[in-house]
Amino acid sequence: VMQRFGLISPNQASSAKSAKLNVIKRSVSHINKYPAFMDMVRRQLHEDYDEDDLQTEGLYIFTSMDPFVQSEAETVLANELSTMERYYGIKHNTLQSAMVITNSTNGEVQAIIGGRETGYAGFNRALDARRHIGSLIKPVIYLTALEQAERFHVASILKDEAISVVLSRGKYWSPENYDKKFHGDVPAIKALTNSYNLATINLGLELGVDKVIATLRRLGVSRPVNVYPSFLLGATELSPMDVTQAYQTLANGGFSVPLRSIRAVVDSHGRPLQRYELKLSQAADPRAVYILNRAMELVVREGTGRKLYQRFPEALSIAGKTGTTNDLKDSWFAGYTGDRLAVVWMGRDDNESAGFSGSTGAMRIWGRVLEELGTRSLELIAPDEVSDYWVDINTGAVTLESCSDSVSLPFITGSIEKSVQKQCSTTLP
């Protein structure tokens, strides 16, 4: 470019191109084995202390990192990436991944993996890689709707049909479903379980993109996002840590707790300078979040996340959501159990297609890590003003008794009672 604009001669350009870059050989840090996690610790410290104090006061920092969780997750992630590359004939070291693991009840970060080469302090993908999140946005859309109980519930019928949105300069946005099919009128629970794009977009457009963004903000994501219809398909760039913050609020029943890596700071004499106490604030209607979490259990049990149960016992309850972006560039899975929340991103640094959907890539890593660590079943406690009915997952018919293809799902009191049928029927509500 400099040569093109006449700032240097062709000979100078040729000489510069052939010169060595003088890049030093990379070495493993012997001071810190966990550079990605310590990166977050430093950032949180810098929010409360001056740089000079951090370097001269001899502070002792007590973190929330679990060395066992960190080490096991690092090993499994690296092994899984190598295995996938060998099995699918992908060039070695092409795939990359990042992972954040927290305590699902209090927001303490247990492990952060910034890339497959975990011993090197470099680009921290867990904190800094901003990628399109795909279908991970869908629970935010359904939560926005569920909080409007007078208009919407899990058996509401959505239209999974072609959409064409007029953009600026005469352009159109015409999204498709992952399977390239239209599914007609479908209950909301089926649309979420099977991750139907068109039904969800129609719902999001009816709610308003601004309303969905407002919900994302309440869940704890402050990063700027795209205010376009494509936002409803996850065409906005967030980091794995951003996603973890949002799903942490869902795992906490609608109560937001800031993610934290530091428990306490004491000076060189052992005197406490600051404690990082648990801070809870209600961010969403607990009734709507409970209903969403029950639906996301179904996503894992019968929907796009069902392959997890090839690895876990049926009795273990897991809530989660897969995410896949255009051309299989980004593979995501966010899931939580009774004691752990984990978010995994997998893709390529050059933003080319990685070749994996959320369920075939990131979810595989999630499953292997949680299998190695061990976990407790998710036990959801129903809030007041919520009642269960049977819902035909294909027609949306709501009944008092179990019918063919029906599942037990919760409703906010007053939102469905007039439509409940005593016996099984194929009549739409």
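Predicted model: local features only at pLDDT ≥ 70, side-chain atom pairs only at ≥ 80, totals over all residues.
Student: How does one judge its overall form, and what is its radius of gyration?

Tutor: The radius is compared with the value for a compact globule: with 429 residues, that would be near 22 Å, and the protein has 24 Å, which agrees. The C-alpha trace spans about 80 × 60 × 40 Å along the principal axes.

Student: What percentage of the contacts in the protein join residues 24 or more positions apart?

Tutor: Among contacts with a separation of 6 or more, such pairs account for 68%.

Student: What share of the residues is buried, and what does the surface consist of?

Tutor: A residue counts as buried under 20% relative accessible area. By that cut-off, 52% of the 429 residues are buried. The protein exposes about 20,900 Å², of which carbon and sulfur atoms supply 49%.

Student: How far apart are the mean positions of the positive and negative charges?

Tutor: They are 6 Å apart, for 46 positive and 49 negative charges.

Student: Is α10 largely enclosed or open?

Tutor: It is largely enclosed by the rest of the structure, because 11 of its 12 residues are buried. Among them are Met241, Asp242, Tyr247 and Leu250. After α10 comes Gly253, with a positive phi near 75°.

Technical notes: Residues numbered from 1 in each chain as written. Heavy atoms only, no water. Rg over C-alpha atoms; globule rule 2.2 N^0.38 Å. Buried < 20%, exposed > 50% of the residue type's maximum accessible area, 1.4 Å probe, protein only. Contact = heavy atoms within 4.5 Å. Areas by Shrake-Rupley, 256 points an atom, 1.4 Å probe, with all protein chains shown as cover. Lys, Arg positive; Asp, Glu negative; His and termini not counted. Charge placed at Lys NZ, Arg CZ, Asp CG, Glu CD. Helix = DSSP H or I, 4+ residues; strand = E, 2+ residues; numbered from the N terminus.
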